[in-house]
Amino acid sequence: MSNCHCRSGVAFESCCGPILDGAPAPTAEALMRSRYSAFVQGNIDYVEATHAADAEVGEAFDRAAAENMANSVEWIGLDIYETIDGAEGDSTGVVEFAAHYKQGDARQSHHERSTFRRDDGRWYYVDGDIDPKGKPVKVTKIGRNDPCHCGSGKKYKKCCGQ
């Protein structure tokens with residue numbers, strides 16, 4: 001038995017293997033992992049079958065581009081950064097991930113925040129944001145006469161603002 005392509009730390013036969021063989025993915029993350037494993041194996045039929053069919057919600061599936069990507073790179077690994085919802089009882093989920101690969105001599109990553117939907121007990125990939133931006137950082141400016149943020153009780157201009 002070999003470790004799964006998705007780097008879950010579990011054997012392929014117990015991780016993505018059964019899902020690629022037709023078992024429904026229990027979670028959105030499990031579907032994401034199995035789709036990555038399908039790319040590693042060049043199983044574009046599976047990738048297409050797990051892509052939401054409705055063009056209104058999902059992006060149109062480009063089989064030629066998927067085949068080209070799967071066959072022209074050496075897949076290195078998958079990192080899951082965040083999963084929001086997408087559990088067994090949910091109807092939608094979001095998975096942020098990076099798929100790492102080598103193309104020629106260059107190492108690259110595909111970073112995406114993907115949306116998934118469950119229809120009739122099966123998870124489907126709906127769409128994704130490539131290279132998503134993090135949440136904006138809100139910066140509050142401290143005025144000269146405001147209390148100092150260090151908690152000294154002094155005005156900012158007489159404390160840390162000097």
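Buried here means under 20% relative accessible area, exposed means over 50%, and partly exposed lies in between (1.4 Å probe, protein chains only). The model is predicted: local features need pLDDT of at least 70, side-chain atom pairs count only at pLDDT 80 or more, and totals for chains, interfaces and linings use all residues. Residues are numbered from 1 along each chain as its sequence is written, and side-chain values use heavy atoms, with hydrogens and water left out.

**Stop 1: the cysteines**

Select C15. This residue is buried, with a relative accessible area of 17%. Its closest cysteine sulfur belongs to C6 and lies 3.7 Å away, which is too far for a bond. A disulfide is counted when a pair of cysteine sulfur atoms is within 2.5 Å, and a search of the whole structure finds zero of them. Now go to C160: it is in no disulfide, and the nearest cysteine sulfur, that of C148, is 3.5 Å away. C160 is partly exposed, at a relative accessible area of 41%.

**Stop 2: helix α2**

Select residues 28-41, which make up helix α2. Helices (H or I, at least four residues) and strands (E, at least two) are DSSP runs, numbered from the N terminus. The expected span of a helix is 1.5 Å times one less than its number of residues. For the 14 residues of α2 that gives 20 Å, and the end C-alpha atoms are 20 Å apart, which agrees.

Color α2 by accessibility next. Eleven of its 14 residues are buried, so the helix is largely enclosed by the rest of the structure. Among the buried ones are A28, L31, M32, R33, R35, Y36 and F39. Step on to G42, which follows α2 and has a positive phi, near 75°.

**Stop 3**

Strands pair if DSSP finds at least two bridges between them. Start with β1 (residues 74-85), which runs antiparallel to β2 and is joined to it by ten bridges. Select G77 and H100 to see a facing pair across these strands. The β1-β2 hairpin has six residues between the strands, and G86 takes a positive phi near 80°.

Move to β2 (residues 92-103) and β3 (residues 106-119), an antiparallel pair with twelve bridges. Here V95 stands opposite S114. Their hairpin has two residues between the strands, with G104 in the turn at a positive phi of about 65°.

Finish with β4 (residues 122-130), antiparallel to β3 and joined to it by eight bridges. T115 faces D127 in β4. Two residues lie between β3 and β4 in their hairpin, and D120 in that turn has a positive phi of about 50°.
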